[in-house]
Structures are given as C-alpha cells and as structure tokens.
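The following questions and answers are meant to be read beside the sequence and the model. Please keep both in view while working through them.

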Amino acid sequence: MILVTGGTGFIGSHTSVELLREGFEVLIADNLSNSYADVIDRIEEITGKRPFFERTDLSNSEETDLLFEKYPKIEAIIHFAASKAVGESVEKPLLYYKNNLNSLMNILENMKRHSVKNLVFSSSCTVYGEPDELPVHERSPIKIANSPYGNTKQISEEIIQDVAKVSSEINFISLRYFNPIGAHPSALIGELPLGIPNNLIPYITQTGYGLREALKVFGDDYNTPDGSAIRDYIDVVDLSRAHIISIKRLLNHKNKANFEIFNLGTGTGSSVFEVIRTFEKVCGQKINFKVVGRREGDIEKVWADTRYANEELGWKAEKTLGQSLKTAWDWENYYRKNLEKK
Ligand code: WQD
C-alpha cells in the first residue's frame with residue numbers, strides 16, 4: 001500500500017492515478033483544505049479502481065498516529081500534503097511553518113514507529129531562489145528562501161537529511177519540481193485553485209473561459225529576450241510518472257544513498273509572453289492581458305538541468321508546453337461545464 005498525502009490535490013491526484021494504473025494499492029490522506037473529496041470518484045472513473053481515502057489533518061499528531069495504526073500495510077509514502085501559496089505564506093507564516101513542518105514530522109515519527117522505510121518528498125525548485133547559473137542542477141546552491149512557503153521546503157529537506165543520517169534503514173527521495181502545469185488527458189482531474197489563482201496557467205485558462213477580465217503580466221522589464229520572466233513548465237502527468245519511478249526505485253532498493261534529490265523539469269525555459277502566445281495558438285482562444293509591475297518575490301528566470309534525473313531515474317519529460325496548455329484548457333472547460341457546483 002502506498003500512502004499519498006495530499007492525494008486529492010493537483011499533483012497528488014494525478015500521481016494516485018498513475019499508481020493505481022501500475023497496480024499499487026493507494027491510500028489517500030488529505031484534510032480537504034484546498035481540494036474536494038469528489039476527486040476520489042474521478043480517480044476511480046479514470047482507473048476503474050478506488051483508492052482508500054481518509055480525511056486527515058496530518059499536522060495533528062493524534063490523527064496521524066491513528067492513520068498509521070489503521071493501515072499497517074503502508075510500505076511507502078509520497079508526501080504532497082502542504083500549504084503551497086507563496087503569497088499567502090508571506091501573510092500567514094506561522095500557518096505555513098506549523099502545517100508544513102508538523103505534518104512532515106508527524107509522518108517521519110510514524111515511519112519509525114511503524115517501520116515504514118520509504119518516502120518520496122514533494123519539493124520545489126523554489127529552494128534554489130534566483131540561481132547564479134543556469135540551468136540549475138541538484139548541487140546548485142540553495143539560496144535564502146524568498147517566502148515562508150519556500151523556506152518550509154528547504155527546512156523539510158534539512159529535516160529529512162538529518163533523519164536519514166541516523167536512520168540508515170529509511171530511504172528518502174526529494175523531488176524538486178519546477179512549474180507543474182497541465183491536466184489529465186481525460187479532463188476529469190486537473191489544477192483547481194480555490195479563489196483567485198496565484199499561478200499563471202490557471203489564471204490564463206480562467207481568463208480564456210471568461211471568468212477573469214484580463215491576465216496581469218507581472219513585469220516585462222526583466223533581463224530576458226522578451227522582457228517577461230522565464231520558468232520551466234513541467235507537465236503534471238510527466239511529473240507523476242517520475243513519482244512512480246521513484247517509489248519503485250526505493251521499493252526495489254535501487255537507490256544509491258538513503259537520501260537522493262532530483263530536479264524534475266523539462267530543461268527548457270519559457271517566458272510569460274511565450275506561454276500566452278502558445279496557449280492562443282494551440283487552444284484557439286485569445287487571452288486579454290495587461291502588463292503591470294513585478295510581483296513581490298518573483299525571480300527573473302529559472303530552468304532545470306535534467307541530466308541527473310534523465311540518467312539516474314531514466315525519466316524524461318515528454319509533453320510539450322503546447323500539449324500541457326491544451327490539457328489545462330480542456331480541463332477548465334470540462335470542469336466549468338460538468339463539475340462545478342452551480
Ligand atoms: C509563473 C510566472 C509570474 C501569475 C510558484 C512557486 C512554486 C510552485 C509554482 C508550488 C512568473 C508570472 C503569474 C499571473 C503572471 N508552487 N505570472 N501573472 O511563482 O514561478 O512558482 O508556483 O508548488 O514552488 O514558487 O509560479 O505560476 O505563480 O508564476 O505574470 O497572474 O508567471 O510572475 O513569472 P512561480 P507562477
């Protein structure tokens with residue numbers, strides 16, 4: 001059984017689909033603070049298999065203990081559950097430190113208590129801050145985090161590293177995602193930000209659908225070819241496959257150390273204007289936008305050196321930016337027309 005914490009969320013739900021398709025038994029634990037339980041129904045619709053589901057606040061040690069006692073067959077964990085809105089983390093730092101760090105520590109304590117020996121951790125390229133050199137590789141320097149959210153990812157990796165040092169029997173992989181985008185090709189699951197989207201792609205698809213007046217482009221005065229900021233946009237299904245590969249790596253004892261780190265990106269940077277133009281071309285939908293000032297905390301450009309993940313994991317991103325934008329657009333349309341609670 002694989003425990004997927006945060007498994008009704010964006011990347012967690014897509015990874016649960018891939019795990020079920022691979023024949024794993026899946027237990028999703030989620031507090032539903034930023035997602036809906038009916039994602040479970042759609043995971044079943046896609047795969048024909050229903051994961052176990054427990055509504056759990058993992059930052060609560062009693063609830064987490066009960067979860068592990070109830071499910072003694074957990075052999076590996078993929079830990080997605082965390083608060084992840086950069087801007088909100090600046091406004092409410094304690095909420096982020098308490099939730100993200102207590103959840104991880106409760107899970108690590110229960111791993112030791114219940115002899116669970118494998119954990120894949122959902123980390124982020126945000127740990128690199130504004131990189132000195134590009135592309136960014138796994139040994140690139142960690143910069144001072146530019147948000148409490150990013151700092152919880154850095155501290156989480158440090159906690160894991162310290163536990164790994166004294167627990168040789170437990171094996172960890174930290175996956176540093178660049179910018180996850182897109183949706184499942186079935187259009188039954190996708191990114192569903194509550195309220196006004198922080199991230200670029202859901203803001204674009206909601207603008208395209210007519211829910212938002214216009215996209216604000218946060219700055220066109222960066223030192224980039226077209227002046228807008230550059231990111232490495234990685235498809236959520238490609239990302240999910242990397243988690244399956246990582247889980248198998250641990251379960252089959254193919255890892256070369258008990259704490260490994262991998263960058264998950266495409267290796268290609270795309271600017272905001274490139275994303276807008278690609279979306280309009282591939283989806284046939286015009287996007288109104290206006291250029292405004294830079295957003296506090298944004299970095300100028302980042303993209304991944306993917307060689308280590310390619311060579312060591314045997315994983316490579318396959319989807320193009322256009323394909324990911326199309327699945328995101330199909331999901332937006334399917335959700336608004338068929339799933340949104342009227
Ligand atoms: C991308 C680009 C914005 C919105 C963050 C976290 C990262 C991960 C993904 C959680 C930037 C520009 C955006 C808009 C815009 N989060 N933009 N108008 O900030 O690179 O990464 O989200 O796992 O850890 O750091 O992603 O999608 O917010 O922004 O111009 O309305 O789009 O300035 O250049 P970001 P993003």
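Q: How many cavities of 30 Å³ or more does a search of the whole structure find?
A: This is a predicted model, in which local features need pLDDT of at least 70 and side-chain atom pairs count only at pLDDT 80 or more, while totals for chains, interfaces and linings use all residues. Residues are numbered from 1 along each chain as its sequence is written, and side-chain values use heavy atoms, with hydrogens and water left out. On a 1 Å grid over the protein atoms alone, a cavity is a set of points where a 1.4 Å probe fits but cannot get out. The number of such cavities of 30 Å³ or more in the whole structure is 3.

Q: Which helix gives the most to the lining of the largest cavity?
A: The largest cavity holds about 70 Å³ of space, a volume being the space filled by probe spheres set on grid points that are joined across faces, edges and corners. Its lining (residues with an atom within 4 Å of a point) includes Gly182, Ile201, Thr205 and Trp331. Helices (DSSP runs of H or I, at least four residues, numbered from the N terminus) H7 (200-209) and H11 (321-339) each supply at least two lining residues. The helix that gives the most, with 4 residues, is H7.

Q: How many residues of the lining of the second largest cavity are nonpolar, polar and charged?
A: About 60 Å³ of space lies in this cavity, and among its lining residues are His79, Phe80, Asn100 and Lys153. Strand E5 (118-124) (a strand is a DSSP run of E, at least two residues) and helix H6 (148-166) each supply at least two of the lining residues, and H6 gives the most, with 3. For the classes, Ala, Val, Leu, Ile, Met, Phe, Trp, Tyr, Cys and Pro count as nonpolar, Asp, Glu, Lys and Arg as charged, and the others, Gly among them, as polar. The lining accordingly divides into 4 nonpolar, 5 polar and 1 charged.

Q: Which residues lie nearest the centre of the second largest pocket?
A: A pocket is an open set of points with protein on both sides within 12 Å along at least five of seven lines. The second largest pocket has about 190 Å³ of space, and its lining comprises 6 nonpolar, 2 polar and 6 charged residues. H11 gives the most to this lining, with 3 residues. Of the 14 lining residues, those nearest the centre are Tyr36, Leu192, Tyr335, Arg336 and Glu340.

Q: At what angle do helices H1 and H2 pack?
A: Two packed helices are described by the angle between their axes and the distance between the axes. Axes are lines fitted to C-alpha atoms, for helices over the stretch in contact, and angles run from 0 to 180 degrees between N-to-C directions. The axes of H1 (residues 10-21) and H2 (residues 39-47) are 10 Å apart, and the angle is about 35°.

Q: How far apart in sequence are the parts tied together by the pair of Phe52 and Tyr71?
A: Rings of Phe, Tyr and Trp (its six-membered ring) pair if their centres lie within 6.5 Å, and planes under 30 degrees apart count as stacked, over 60 as edge-to-face and the rest as tilted. Phe52 and Tyr71 are 6.0 Å apart centre to centre with 65° between the planes, an edge-to-face pair. Phe52 lies in strand E3 (residues 52-55) and Tyr71 in the loop between helix H3 (61-70) and strand E4 (76-79), so the pair ties together parts separated in sequence by 19 residues.

Q: Which peptide bond is cis, with omega near -5°?
A: Most residues other than glycine have a negative phi, and most peptide bonds are trans. The cis bond ends at Pro135, which is found in the loop between E5 and H6. The bond runs from Leu134 to Pro135.
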